[in-house]
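Dear colleague,

I am handing over the structure below, together with notes on what was found in it. Please read the notes with the coordinates open beside them.

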Amino acid sequence: MIEPFSQNGIEISLKKLNKNPENAWIIKEEKLHREFKFPDFVAAFGFISQVALLAERANHHPEWSNVYNKVVINLTTHEAGGISERDFELAHEISALVE
């Protein structure tokens, strides 16, 4: 069974994840949250396609939305009832796509 992270575990993992404070992942509504902006819709959609492949391989699918050049991603592990290691692993992979 997947266990949710404690508050301390989340804080430690956020520090490791956020190398660039300008584009940081944050906790919002008890989920790991980040917003991405791209030059246009095609670039945003290309990013979504790359994230979809990562998520499918990890069998861990984000909650997300896309409006024109903006992509919003929220990660949580539903079966754990909160944020888990799986969310941070996927967030690291997603961040690597744009950094």
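With which residue does K31 form a salt bridge, and how far apart are the closest N and O atoms? The partner of K31 is E63, and the closest N and O atoms lie 2.6 Å apart; a salt bridge here is a side-chain nitrogen of Lys or Arg within 4 Å of a carboxyl oxygen of Asp or Glu. Because K31 sits in strand 2 (residues 31-37) and E63 in strand 3, the pair ties together parts that are 32 residues apart in sequence.

Before going further, please keep in mind that this is a predicted model, in which local features need pLDDT of at least 70 and side-chain atom pairs count only at pLDDT 80 or more, while totals for chains, interfaces and linings use all residues. Residues are numbered from 1 along each chain as its sequence is written, and side-chain values use heavy atoms, with hydrogens and water left out.

Overall fold

The protein has three helices and four strands, and from the N terminus on these elements run α-β-β-α-β-β-α; helices (H or I, at least four residues) and strands (E, at least two) are DSSP runs, numbered from the N terminus. The radius of gyration, taken over C-alpha atoms, is 13 Å, which agrees with the value near 13 Å that a compact globule of 99 residues would have, the globule rule being 2.2 Å times the number of residues to the power 0.38. Along the principal axes, the C-alpha atoms fill a box of roughly 40 × 30 × 20 Å.

Buried residues make up 37% of the 99 residues, where buried means under 20% relative accessible area, exposed means over 50%, and partly exposed covers what lies in between (1.4 Å probe, protein chains only). The protein exposes about 6,100 Å², of which carbon and sulfur atoms supply 53%; accessible areas come from the Shrake-Rupley method with a 1.4 Å probe, and for residues only the protein chains shown count as cover. Among contacts (heavy atoms within 4.5 Å) between residues at least 6 apart in sequence, 62% join residues at least 24 apart.

Salt bridges

The structure holds five salt bridges, including the one between K31 and E63. Both of its members count as partly exposed, K31 at 21% relative accessibility and E63 at 26%. Another joins R34 to E99, with the closest N and O atoms 3.8 Å apart; since R34 lies in strand 2 and E99 in the segment after helix 3 (85-98), this pair ties together parts that are 65 residues apart in sequence. Here R34 is buried at 4% relative accessibility, whereas E99 is exposed at 58%. The side chains of E35 and K70 also meet in a salt bridge, at 3.3 Å from N to O, and this pair links E35 in strand 2 with K70 in strand 4, 35 residues apart.

Aromatic residues

The structure holds five aromatic pairs, where rings of Phe, Tyr and Trp (its six-membered ring) pair if their centres lie within 6.5 Å, and planes under 30 degrees apart count as stacked, over 60 as edge-to-face and the rest as tilted. One of them is the tilted pair of F38 and F47, at 4.9 Å centre to centre and with 35° between the planes; both residues count as buried, F38 at 14% relative accessibility and F47 at 3%. W25, F36, F38 and F47 form one aromatic cluster.

F41 and F45 also form a tilted pair, because their ring centres are 5.9 Å apart and their planes are at 35°. Being four residues apart in helix 2, F41 and F45 are separated by about one helical turn, and they are partly exposed, at 37% for F41 and 46% for F45.

Nonpolar surface patch

F41 and F45 return in a nonpolar patch on the surface, formed with V42, V67 and Y68 and having about 550 Å² of accessible area together. Patches are made of residues with over 30% relative accessible area and no salt bridge, like charges being joined within 9 Å and nonpolar side chains (Val, Leu, Ile, Met, Phe, Trp, Tyr) within 5 Å. Helix 2 (residues 41-58) gives the most to this patch, with three residues; V42, in helix 2, is exposed at 65% relative accessibility.

Backbone points to check

Most residues other than glycine have a negative phi. N59, in the loop between helix 2 and strand 3 (63-67), has a positive phi of about 50°. Y68, found in the loop between strand 3 and strand 4 (70-75), has a positive phi near 50°.

With best wishes
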